[in-house]
Amino acid sequence: LGLGWSGRPLNGSEPPRSSGAMPGLRRGIHMPGPLSIGKKRGDGGGKGAKKADGGAAGTPGRSDRRSGAAAARKYSVINQPQPPPGPSAGDISKVVCHNCAVDPPVRGYPNSEPVPFETPFFRGKLLMLVRTKPLAEFTRRRFEGRQRVLEIQIQGEFLTQPMGTVYFGGQMPRQMQLSLISRSVCGALLRILKTMAKSMHVSFGTADGSELPHICYPLASSMDRVNIIPSSEAAPPLGGDIEEANSVRTARRAGNWPHGNFRPGYTYTMGFHTAYLDVVSWQTVNLPGIPRLDLHQFWGDMPVYFVVYDCGGRDEKGPHAHKAMRYMIRFRAQHASNLPEGAAA
């Protein structure tokens, strides 16, 4: 869950970044056709967009007070599954992804076109890149010469003012059932992670499902890079390096972000990557002094959800209750070994 996000490997730094977007996003490597994400921003987005805004900026409307789990069902702006990518995506057959920001969830693919989505609180798109063997042409520029095995880029705008801290991380759908040995291993991993982010919020989940298992961090400090522009300006393409001054990045990750808080009126392009969570092999990798660990040992047959949320103004130091969360993003990754035969197709 969220192992080592943000590109500061425990066993050394990555080589310098290369510039430019991935060739597949600009230079003709097979890409599916454009996806419809509803009405354009200029026409006001129709009736659904007015509900999502919930009134004036900074003033929570009725949809803001509604739990994220219930409110997301009202915003099914994506009705078509994403077409499978071409051979340039590499062997991604073991990773089954769904955009769960809409109800019912919609199929998406890693190493492919960014997946558009909209919730009552955020509108944007998500690009998920995974390391394959051999290395996929589509992801070569992002992975070659680097340790990272998973990268996620998110771009979009907040439709309402977040209430309190915005979190990013990994979440499971039900309580984890751990043996004594597995719980000991988890404890060791958590001690490593806490040295990287003291503000991490973690739970193994509750039996009644009121709090789901998760490892999450404040979004502002967990982003590897972020680019911020007014919503009226053209956003950069996803798939390349995200431009952020090193001095601003250092201050942000230390909790002194010059931008302040997330808010409507801006397009945020955010990047996250990890060298430790390999969703293709469904293992933890590259952890210093620790061999590869099968994620089934901890997660059973459960998927992992990559989430961005706030707690709806409730106490953030206590349990992060599922029904109180306001989900900006909820993207599910499942391994084919956890699904019935043929379900991953």
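Colleague: How do you know whether N286 counts as buried, partly exposed or exposed?

Modeller: The relative accessible area of N286 is 33%. Buried means under 20%, exposed over 50%, and partly exposed in between (1.4 Å probe, protein chains only), so N286 counts as partly exposed. This is a predicted model, in which local features need pLDDT of at least 70 and side-chain atom pairs count only at pLDDT 80 or more, while totals for chains, interfaces and linings use all residues. Residues are numbered from 1 along each chain as its sequence is written, and side-chain values use heavy atoms, with hydrogens and water left out.

Colleague: What is noted about the phi of N286, and where is N286 found?

Modeller: N286 has a positive phi of about 65° although it is not a glycine. N286 is found in the loop between β12 and β13 (293-294); strands (E, at least two residues) and helices (H or I, at least four) are DSSP runs numbered from the N terminus. W282 also has a positive phi, of about 60°, and is not a glycine. W282 is found in the loop between β11 (277-278) and β12 (283-284). Most residues other than glycine have a negative phi, and most peptide bonds are trans. The peptide bond from K133 to P134 is cis, with omega near -5°, and P134 is placed in the loop between β4 and α5.

Colleague: Why is W282 called buried?

Modeller: Its relative accessible area is 0%, and therefore W282 is buried.

Colleague: What makes the contact of R142 and E151 a salt bridge?

Modeller: The term requires a side-chain nitrogen of Lys or Arg within 4 Å of a carboxyl oxygen of Asp or Glu. The N to O distance between R142 and E151 is 3.0 Å, so the pair is a salt bridge. R142 is buried, with a relative accessible area of 1%, and E151 is buried at 3%.

Colleague: Which residue forms a salt bridge with R142 at 2.7 Å?

Modeller: D241 does, 2.7 Å being the distance between the closest N and O atoms. The pair links distant parts of the chain, 99 residues apart: D241 lies in the loop between β9 (225-230) and α8 (246-253), and R142 in helix α5 (residues 140-143). R249 and D224 also form a salt bridge, at 2.8 Å, and both are buried. Salt bridges that share partners join R142, R148, E151 and D241 into one network. The structure holds eleven salt bridges.

Colleague: Why is R225 said to have no salt bridge?

Modeller: The nearest side chain of opposite charge, D224, is 4.6 Å away; Lys and Arg count as positive and Asp and Glu as negative, with His and the chain ends not counted. The R225 side chain reaches the backbone oxygen of E244 at 2.9 Å.

Colleague: How do you know that β9 and β10 pair?

Modeller: Two strands pair if DSSP finds at least two bridges between them. β9 and strand β10 (residues 266-274) have six, in the antiparallel sense, so they pair. Five strands form an open antiparallel sheet in the order β3-β4-β5-β10-β9, with β3 (115-118) and β9 as the edge strands.

Methods
Polar contact = N/O pair within 3.5 Å; in protein donor to acceptor, adjacent residues only side chain to side chain.
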